[in-house]
Amino acid sequence: MIEAFRPIENYWYIACFSRELKSKPVSRTILGKPLVLFRTGEKPACLEDRCPHRNIALSLGKVKKDGLQCSYHGWTFGADGKCLRIPAESESGARPAARSLPAVESQGFIWVFLGDKVPGPVPEFPMFSAPRWQNWFMEREFDGSAFQCIENFLDVPHTVFVHSGLFRTREGSDTTLSIVRNNQSVTAEFLNERQVDGLVGKLLVPAGSQAKHTDAFLMPSTTRVDYYFSEKRHFIVMSQCTPVDEYRTRVYTYMAFRFDPIAPIVRLIYAPLSSMILNQDVRVIKKQSDNIKRFGREAFYFHQTDAIAREIREMMSGRKARSSHKKRIRA
Ligand code: FES
Ligand SMILES: [Fe+2]
């Protein structure tokens, strides 16, 4: 068991793309819980993936008009988990229900809520339908905990080594980091940061322009990186991490940018480049996890260069926030 793994339940998590949920049930594991998703009419529904009768996976069943029919004895369960029909039943009696979870469809995804509190609003992807903005999603399954993924997405020092030549060609320089933390988020602003001078910088950053760079973590497992040059030139990378279990995380990365007036051309380069960069992170996190498993546990050291990660780690493990502060790091 990885120390950091603490199922954070009272939040919405992405289960799958809307387009994946058609006429067949979809099975997913989230926070270690096996779930089945299906639609009744247009509406998404989510049940625990276990028939209350003899416990076979409901995801092996068939979607009917009003619910999901179990593949073993044909009992049918509605979106609310109620058992609607038992084929061999001769007189009606008590029927067990399957556990149902809140499920909604928003911005092209099916989201589920695993907690016992009343769900808040579903998170939204910024600039999703904004004019002149381009956006797309990438999906990857990482062999690593949500924390490993989250810290990687907001970590600058690894880019020199893992994404060699793409972001920064030289090792660190003094950057001041202003970190603000409340009970739902950590936001870091990079002050006097040096230019991204690798291939990505050459292609996307106009010479002499200075970006406002912010990194943010939002509970329970969302990261957002912004590079803002002007209203007309702004890049957002947002990752929604859905923990499968303590060793695996499904990540949906939202790529959005505005680059007037040549965004469609920029996208031709930016999209394959981002996919390549993400694959490099998938590989390094797998290697990291393999070695953590080889030793049986994590033994992380948090250096001052890990200022953001340390705050996130504390927040994910439920520790109280300190006040906001500034850090000087080499990034
Ligand atoms: S196991 Fe599902 S109906 Fe019997
Ligand atoms: Fe990376």
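**Entry 1: two helices**

I looked up helix H1 and helix H5 (residues 307-316) and noted that their axes come within 10 Å and cross at roughly 150°. The axes are lines fitted to C-alpha atoms, for helices over the stretch in contact, and the angles run from 0 to 180 degrees between N-to-C directions. H1 and H5 are therefore roughly antiparallel to each other, a term for angles over 145 degrees. I recorded the crossing of H1 and H5 as right-handed, meaning that the near helix is turned clockwise from the far one by less than a right angle.

On the H1 side, I found the contact made by Phe147, Ile150 and Glu151, and on the H5 side by Ala309, Ile312, Arg313 and Met316. Contact here requires C-beta atoms, placed from the backbone, within 7 Å. By class, I listed 5 nonpolar, no polar and 2 charged residues in the contact of H1 with H5.

**Entry 2: the source**

I note that this is a predicted model, in which local features need pLDDT of at least 70 and side-chain atom pairs count only at pLDDT 80 or more, while totals for chains, interfaces and linings use all residues. Residues are numbered from 1 along each chain as its sequence is written, and chains are lettered from A and ligands numbered from 1 in the order in which they are written.

**Entry 3: burial of H1**

I then asked how many residues of H1 (residues 146-153) are buried. The count is 8 of 8, where buried means that 20 or more other C-beta atoms lie within 10 Å of the residue's own. Among them are Phe147, Ile150 and Glu151, which also take part in the contact with H5.

**Entry 4: a hairpin**

I turned to strand E3 (residues 33-40) and strand E4 (residues 43-48), which pair in the antiparallel sense over 6 bridges; pairing requires at least two DSSP bridges. Helices (H or I, at least four residues) and strands (E, at least two) are DSSP runs, numbered from the N terminus. Leu35 has Glu48 of E4 as its bridge partner. E3 and E4 form a hairpin with 2 residues between them, and Gly41 in the turn has a positive phi of about 65°. E4 is also joined to strand E9 (residues 100-101) by 2 bridges, in antiparallel fashion, with Leu47 opposite Ser100.

**Entry 5: an open sheet**

Which strands form the open sheet, and in what order? I read the order as E1-E11-E10, with antiparallel pairing. E1 (12-17) and E10 (103-106) stand at the edges with a single partner strand each, so one side of each is left without a neighbour in the sheet. E10 and E11 (residues 109-113) pair over 4 bridges, and Val104 stands opposite Trp111 in E11.

Key: Buried ≥ 20, exposed ≤ 12 C-beta atoms within 10 Å, placed from the backbone. Parallel < 35°, antiparallel > 145°, perpendicular 65-115°, else oblique. Contact = placed C-beta atoms within 7 Å. Nonpolar A, V, L, I, M, F, W, Y, C, P; charged D, E, K, R; others polar.
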